[in-house]
Amino acid sequence: HLLDLIIGRHSEVEGLSLSRQNVVAGPGSSSFLTAFAFWLRRAGYTDIHYVPPLYHTFYFLAGSLGINTIPVTSHHAYEQEFTLDLPSRQSVLMLCDPIWYAGKCVPKVHIDIIAGWQRATKSLVFVDGSFQYMKWSGERSETTAALDPELTFRLVCPAKTLATPIFRFAYLLHPTKLHDDLLFLYES
């Protein structure tokens, strides 16, 4: 079964212990971003924080649903001036890793800062990792695997990784307790 293969890959490559309640698979990234936006609204979130860039479709959809998008920095993660101004309370943070238009990953030091903040505040983190697993260095794991799986959404699009844009396929790793809600919204 496809979900078992996805779970097995993340177990082997990143040491994650996932179940079928942590994965939804489907035809492309945009539909998962849409389902997440609807989930945010239904869950009562009116603000989300983000590390630029934010995928334009999500930015537009969030605004249409009355969700404010608040940047936590004025620079991109690969710039020397990059610093994070994360909220001190429980919230939602979105980031792209890798930064799709630049082809650069968010440096591990910043992922470590986000992971510590996530543990301290119990905040949700959504990683638009549509282009993850494209490293030419041979490294097989992603630094965002260090984020708490029960507080993290990771969007992965193997069709983009394999440069096969005609065949649409993506999957979303997500907290177990949100599986039924996400699956309902995604299928709807």
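The points below go through conventions, salt bridges, a helix pair, backbone details and a surface patch.

1. **Conventions.** This is a predicted model, in which local features need pLDDT of at least 70 and side-chain atom pairs count only at pLDDT 80 or more, while totals for chains, interfaces and linings use all residues. Residues are numbered from 1 along each chain as its sequence is written, and side-chain values use heavy atoms, with hydrogens and water left out. Helices (H or I, at least four residues) and strands (E, at least two) are DSSP runs numbered from the N terminus.

2. **Salt bridges, starting with Arg154.** Taking a salt bridge as a side-chain nitrogen of Lys or Arg within 4 Å of a carboxyl oxygen of Asp or Glu, the count is three. Arg154 and Glu14 form one of them, at 3.1 Å from N to O. This pair links distant parts of the chain, since Arg154 sits in strand 6 (residues 152-156) and Glu14 in helix 1, 140 residues apart. For accessibility, buried means under 20% relative accessible area, exposed over 50%, and partly exposed in between (1.4 Å probe, protein chains only). Arg154 is buried at 4%, and Glu14 is buried at 15%.

3. **Asp4 and Arg20.** These side chains meet in a salt bridge of 2.6 Å, N to O. Asp4 belongs to helix 1 (residues 2-14) and Arg20 to the loop between helix 1 and strand 1 (23-26), so the pair ties together parts that are 16 residues apart in sequence. Asp4 is partly exposed at 39% relative accessibility, and Arg20 is partly exposed at 37%.

4. How far apart are the closest N and O atoms of Asp112 and Lys108? They are 2.9 Å apart, in a salt bridge. Because the two residues are four apart in helix 4, about one helical turn separates them. Asp112 is partly exposed at 36%, whereas Lys108 counts as exposed at 51%.

5. **Helix 2 and helix 6.** The axes of helix 2 (residues 29-42) and helix 6 (residues 179-187) come within 9 Å and cross at roughly 120 degrees. Axes here are lines fitted to C-alpha atoms, for helices over the stretch in contact, with angles from 0 to 180 degrees between N-to-C directions. The two helices are therefore oblique to each other; angles under 35 degrees count as roughly parallel, over 145 as roughly antiparallel, 65 to 115 as roughly perpendicular and the rest as oblique.

6. **Cis peptide bonds.** Pro52 and Pro53 are joined by a cis peptide bond with omega about 5 degrees, and Pro53 lies in the loop between strand 2 (47-50) and helix 3 (56-64). The bond from Asp97 to Pro98 is also cis, with omega near 5 degrees. Pro98 is in the loop between strand 4 (92-96) and helix 4 (108-121).

7. **Positive phi.** Lys122, a residue other than glycine, has a positive phi near 60 degrees. Its place is the loop between helix 4 and strand 5 (124-129), and at 48% relative accessibility Lys122 is partly exposed.

8. **A nonpolar patch.** Which residues make the nonpolar surface patch of about 300 Å²? Tyr78, Trp100 and Tyr101 do. Patches are made of residues with over 30% relative accessible area and no salt bridge, like charges being joined within 9 Å and nonpolar side chains (Val, Leu, Ile, Met, Phe, Trp, Tyr) within 5 Å. Accessible areas come from the Shrake-Rupley method with a 1.4 Å probe, and for residues only the protein chains shown count as cover. Trp100, in the loop between strand 4 and helix 4, is partly exposed at 38%.
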